[in-house]
Amino acid sequence: MAAVTASGKIQPKKKVDISADITGRVTRIAVREGDYVQKGQFLLQIDPTIYQANLQRAQAAMSSAEAGWVQARANRDQAQRALQRTKELREQNPNLISPEQLEQAQTAFEIAEANSTASQHMVEQSRAGLQEARDQLAKTHLIAPWRDASRGSRSRRARWRCRARSRARPACCSRSRTSR
């Protein structure tokens with residue numbers, strides 16, 4: 001049996017640094033430096049208060065946009081009926097409706113239709129804002145993103161090793177993938 005002495009550095013085959021996509025105060029840390037973690041395991045919680053408020057604001061904006069769209073569609077439908085009546089009266093007796101009145105009814109309908117379309121786009125924009133607020137809130141709860149590579153025996157499983165990167169950036173967590 002021979003003993004060999006050498007200097008060097010031990011490094012993992014694969015290392016992944018993961019940091020939070022949002023900023024905030026860390027309110028809970030569930031892992032310690034050097035802990036092994038598996039996919040889906042809770043790592044840390046960032047204070048969700050601001051993000052919950054943003055979600056409520058986005059939900060209110062969505063409700064307001066939907067109500068505006070309902071009103072705009074009702075106005076469009078009313079303008080369409082008024083235009084139809086104006087056209088019918090004009091066809092029955094051209095002396096009852098002047099060309100100017102017909103033009104005003106047509107313009108009122110086109111404006112109402114444009115407002116309805118704009119309101120529909122506001123709903124779509126609000127829907128996107130609502131989804132963004134939901135995504136931001138979900139990011140306050142950090143979990144390990146990688147799957148436990150469990151092929152074969154338990155001793156060959158790869159684990160994520162967690163270590164706190166810096167006190168200056170407590171919302172960040174860096175994990176190195178190491179073999180057991």
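Me: What makes a charge count as sitting over a ring?
Reply: A charge sits over a ring if NZ of Lys or CZ of Arg is within 6 Å of the ring centre and within 35 degrees of the ring normal.

Me: Which residue does this apply to here?
Reply: In this predicted model, the charged end of Arg73 sits over the ring of Trp69, 4.5 Å from its centre; because the cut-off is within 6 Å of the ring centre, the value of 4.5 Å meets the distance condition.

Me: Why is strand β4 called largely enclosed by the rest of the structure?
Reply: Buried means under 20% relative accessible area, and 5 of the 5 residues of β4, residues 42–46, are buried, so the strand is largely enclosed by the rest of the structure.

Me: How do you know that β4 pairs with strands β2 and β5?
Reply: Two strands pair if there are at least two bridges between them. Strand β2 (residues 26–29) is joined to β4 by 3 bridges, running antiparallel, and β4 pairs with β5 (residues 141–143) over 3 bridges, also in the antiparallel sense. Gln45 of β4 is the bridge partner of Arg28, and His141 in β5 is the bridge partner of Gln45.

Me: What makes up the largest nonpolar core?
Reply: The largest nonpolar core has 7 residues, namely Leu55, Ala58, Met62, Ala65, Val123, Leu130 and Ala133. The elements giving two or more residues to this core are α1 (49–92) and α2 (99–138), and the largest share, 4 residues, comes from α1. Apart from this core lies another, of 6 residues, among them Leu44, Ile46, Tyr51 and Leu142.

Key:
Residues numbered from 1 in each chain as written. Predicted model: local features only at pLDDT ≥ 70, side-chain atom pairs only at ≥ 80, totals over all residues. Heavy atoms only, no water. Buried < 20%, exposed > 50% of the residue type's maximum accessible area, 1.4 Å probe, protein only. Core = buried A, V, L, I, M, F, W, Y, C linked by side-chain atoms within 4.5 Å.
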